[in-house]
Amino acid sequence: IDRFRNRLMIPISRDTGPVIAFGGRALTADQQPKYVNSPETALYTKGRTLYGLNLTKQDIRRLGYAVLVEGYFDFAQALQAGISPVVATCGTALSEQQARLLRRFTNKLLLSFDPDSAGKGATLRSGELLLSEDFQVNVVLLVSGEDPDTFIHNHGAKQYAAKLKTSQPYLDYVMDEAAKNRDLSKDSDRRSFLKDTLTVASRIPDPASRDQFADRLAHRAQ
């Protein structure tokens, strides 16, 4: 049967505008997989494409930052709500090619991925990559069970904009995540805490910033 049979068709454009691929979203609960993309070609590679950048790149450049979300509907809901510097990875973690593409427009990113385990993993990996590329990175914290799409739908654009304004610096997020469910008065938990965080610290390109973060880790780990 046709690759996109009974699916909602989503055009995927390159940053200059032309459509180069499609995403197909299942319309019934029993359809698997939930999303199907066009096969990769010389024109379309998922890891080199950012969804919606053709629509928002001027606002990203003008405002000096981008809000990075995961999916088509996260992007659409945010853009519809007036969050104009938004762009989507349409995957899990950011790739080096996508980071370099974003660098043409801004060096400041707000990561607004799903707050589930997969989204948290993508946030940590994407933030680490962006950190090594000398981006300024913050993390938007949403309540469990709500992605940007559902959060805006349930709480409105103003509440989401407030979440963007109170986003957490990525390095603070890394420390908080590493400290969760660990008793830092115990040597074993301190070692595992440092194992998780020192890898990120090593990716900070500026020596002074790296030393400052190492001091903060030492203080947090007592």
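In this predicted model, the largest pocket has a volume of about 410 Å³. Its lining is made up of 16 residues, and those closest to the centre are Tyr35, Glu70, Gly71, Tyr72 and Phe73. Which elements supply at least two residues each to this lining? They are strand 3 (35-37), helix 2 (72-80) and helix 5 (148-155). Helix 2 provides the largest share, three residues. By class, the lining of the largest pocket holds eight charged, four polar and four nonpolar residues.

Now turn to the second largest pocket. Its volume is about 330 Å³. Here 17 residues form the lining, and Leu131, Phe135, Leu171, Ile204 and Ser209 are the closest to the centre. Two or more lining residues come from each of strand 7 (136-139), helix 7 (170-179) and helix 9 (207-220). Helix 9 gives the most, with four residues. The lining of the second largest pocket counts nine nonpolar residues, four polar and four charged.

Next comes helix 3. Which residues of helix 3 (residues 96-103) are buried? They are Gln98, Ala99, Leu101 and Leu102. These residues lie on the same side of helix 3, because they cover an arc of only 160° around the axis. What do the buried residues of helix 3 pack against? Two helices are among their partners: helix 1 (53-63) and helix 4 (117-132). Strand 4 (66-69), strand 5 (86-88) and strand 6 (108-111) also pack against the buried residues of helix 3.

Terms used
Residues numbered from 1 in each chain as written. Predicted model: local features only at pLDDT ≥ 70, side-chain atom pairs only at ≥ 80, totals over all residues. Heavy atoms only, no water. Buried < 20%, exposed > 50% of the residue type's maximum accessible area, 1.4 Å probe, protein only. Arc of directions from axis to C-beta. Contact = heavy atoms within 4.5 Å. 1 Å grid on protein atoms, 1.4 Å probe; cavity = no way out; pocket = protein on both sides within 12 Å on 5 of 7 lines; lining within 4 Å. Points joined across faces, edges and corners; volume = space filled by probe spheres on them. Nonpolar A, V, L, I, M, F, W, Y, C, P; charged D, E, K, R; others polar.
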